[in-house]
Amino acid sequence: MNTSSLTLVGFGPDGWGKLLVIAAGLTLIAALCSFAIGGLLGTAGAALKLSSTPILRWIGTFYTTVLRGIPEILVVYLFYFGGSLALIHLMHLAGFPGFFSLPSFVIGVIAIGLVSGAYQTEAYRSAYLRLDRGQIEAGKACGMSRPVLLWRVIAPQTLRFALPALGNIWQSVLKETALLSIIGLVELLRQSTIASGATRQPLLFYGTAALLYLLMGQLTGFGIRSVEKRLGRCWER
Amino acid sequence: MDWPFLARTAGELLTGVPLTLQLTGIALCAGFVLAASVAALAHNRLAPLRWLARLYVGLFQGTPLLVQIFIIYYGFGQIEYLRSSFLWPFLAQAYWCAILALSLNTSAYGAEIIRGAIAAVPRNEIEAAQAMGMSGFLLRRRIIWPQALRYGLANYGNEAILLLKATSLASVITLMDVTGIAYRLVSKTYRSEEIFTIAGMIYLSLTFVIVGCVHMLERWLLPRNRV
């Protein structure tokens, strides 16, 4: 390491620092959006897997088995290539010939979200199964309707029980966003590739990227753990 | 359905299976040896060695595998010392870079699994064995390792599945595994749905094979679990 490599990752006129920080922000946003989509899909998936109708359970199991069994990169590729083909087809049917494509951010976030949804399904499902049955019966006995019961008794406790697993899933979502660099989204890894191509310093820039990922993971992990501790207080007693 | 095309595609994709399995198998074995060493460090009496183990696990678990692959494949070439060393003929090849990255990455997760499995061995059983006069290697071989195996095997099976999926990233540094071949076929024919679906089915069946192997291993190693 000499001073010149420090200026390269710094914030000066020759530095890539600002671009790297912006790219890291985009990584964080992409991870948040994917995680949110995964949350919606995970809730739906858990509802399917816990349903009393066999066909719905089967659909839920199919979703989690397939999406957890194939590499994430294949899902990203499938949406990247297949997504724009489907869109072109759809636009042709609607009477708009020509070439269309979705932004790689949208494609990537949906693909990563779909995978994380499969993992979140398992997190919510096992958290729901840990609920105290007696509380649900007590709620019914008090005359709570299904939505009230869900809102007041089931959802808060399920979320609390799922939190440690959700923390792990968040960390892997954050790391999986690196795959979006392959489909051209200029997030942290892509920006580092561009920088190392321009300066011929791959070790420096990929090392910086690794440190930034580590930092983001540690900071968010710290946040999640403190929330966990806070919400866990009522179980400690 | 264009059956001839599907059959041809499946045939071509299957030629990538040996490489995918090779990457998985070698990284799994090398990763296990590394993981066991790191887990041993994590149990060491010396605090700095314990910190070292924690740092190792944190570094590899906290960064994307793709970044690790890029650091090894593109970054290591920058280090003059490495370029002139005997390791360079290996590190100049994408294949060995992928294996190195995958082994290091899986070893960090494996170390946590092994550490957890050993910590799960009941304290009183170890004390009982010590009271019988067992210590050192005998204690480990007779009491600790067999029990830890029972606790850790299922988790290590999951790690093997994650590793199988992770080998697909080797295609990014030009290796022609199942994913690499799929990508090449798609850029030639633009029939992404069919090709990626078949590739996904291949990975899914390999996953089931691993699950089956772990079940068989469990039955073979843990006779008391047989029903």
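This is a predicted model: local features need pLDDT of at least 70, side-chain atom pairs count only at pLDDT 80 or more; totals for chains, interfaces and linings use all residues.
1. In chain A, helix H6 (residues 133–141) and helix H7 (residues 146–176) have axes that come within 10 Å and cross at roughly 170 degrees. Because angles over 145 degrees count as roughly antiparallel, H6(A) is described as roughly antiparallel to H7(A). On the H6(A) side, the contact is made by Gln135(A), Ile136(A), Gly139(A) and Lys140(A). H7(A) contributes Leu149(A), Val153(A), Ile154(A) and Gln157(A). By class, the residues of this contact divide into four nonpolar, three polar and one charged.

2. The overall make-up of chain A may be stated next. Chain A has nine helices and zero strands, and from the N terminus on its elements run α-α-α-α-α-α-α-α-α. Its C-alpha atoms fill a box of roughly 70 × 55 × 30 Å, taken along the principal axes.

3. Chain B is likewise described by its elements. It holds eleven helices and zero strands, and along the sequence the pattern is α-α-α-α-α-α-α-α-α-α-α. Along the principal axes, the C-alpha atoms of chain B fill a box of roughly 70 × 55 × 25 Å.

4. The axes of helix H2 (residues 17–42) of chain B and helix H3 (residues 47–62) of chain B come within 7 Å and cross at roughly 135 degrees. The residues in contact from H2(B) are Leu34(B), Val38(B), Leu41(B) and Ala42(B). From H3(B), they are Leu49(B), Arg50(B), Leu52(B), Ala53(B), Tyr56(B) and Val57(B). The contact of H2(B) with H3(B) has nine nonpolar residues, no polar residues and one charged residue.

5. The two chains touch each other. Chain A and chain B bury about 2800 Å² between them, and 77% of this area is on carbon and sulfur atoms. Chain A gives 32 residues to the contact and chain B gives 35 residues.

6. Polar and charged pairs between the chains can be listed briefly. Eight residue pairs, both members at pLDDT 80 or more, are in polar contact between chain A and chain B. The count of salt bridges between chain A and chain B is one. Glu72(A) forms a salt bridge with Lys165(B), with the closest N and O atoms 3.6 Å apart.

7. Which helices of chain A each supply at least two residues of the side that touches chain B? They are helix H3 (54–69), helix H4 (72–93), helix H8 (188–199) and helix H9 (202–236) of chain A. By class, the side of chain A that touches chain B has 21 nonpolar, seven polar and four charged residues.

8. Salt bridges are also to be considered over the whole structure. Side chains of opposite charge can pair when their charged atoms come close. Over all chains, the structure holds nine salt bridges. Glu122(A) forms a salt bridge with Lys49(A), the closest N and O atoms being 2.6 Å apart. Glu122(A) lies in helix H5 (residues 104–129) of chain A and Lys49(A) in helix H2 (residues 17–49) of chain A, so this pair ties together parts that are 73 residues apart in sequence.

Definitions and conventions. Residues are numbered from 1 along each chain as its sequence is written. Chains are lettered from A and ligands numbered from 1 in the order in which they are written. Side-chain values use heavy atoms; hydrogens and water are left out. Axes are lines fitted to C-alpha atoms, for helices over the stretch in contact, and angles run from 0 to 180 degrees between N-to-C directions. Helices (H or I, at least four residues) and strands (E, at least two) are DSSP runs, numbered from the N terminus. Angles under 35 degrees count as roughly parallel, over 145 as roughly antiparallel, 65 to 115 as roughly perpendicular and the rest as oblique. Contact means heavy atoms within 4.5 Å. Ala, Val, Leu, Ile, Met, Phe, Trp, Tyr, Cys and Pro count as nonpolar, Asp, Glu, Lys and Arg as charged, and the others, Gly among them, as polar. Buried area is the accessible area (1.4 Å probe) that two parts lose on being put together, summed over both. A salt bridge is a side-chain nitrogen of Lys or Arg within 4 Å of a carboxyl oxygen of Asp or Glu. A polar contact is a pair of N or O atoms within 3.5 Å; within protein, one must be able to donate a hydrogen and the other to accept it, and residues adjacent in sequence count only if both atoms are side-chain atoms.
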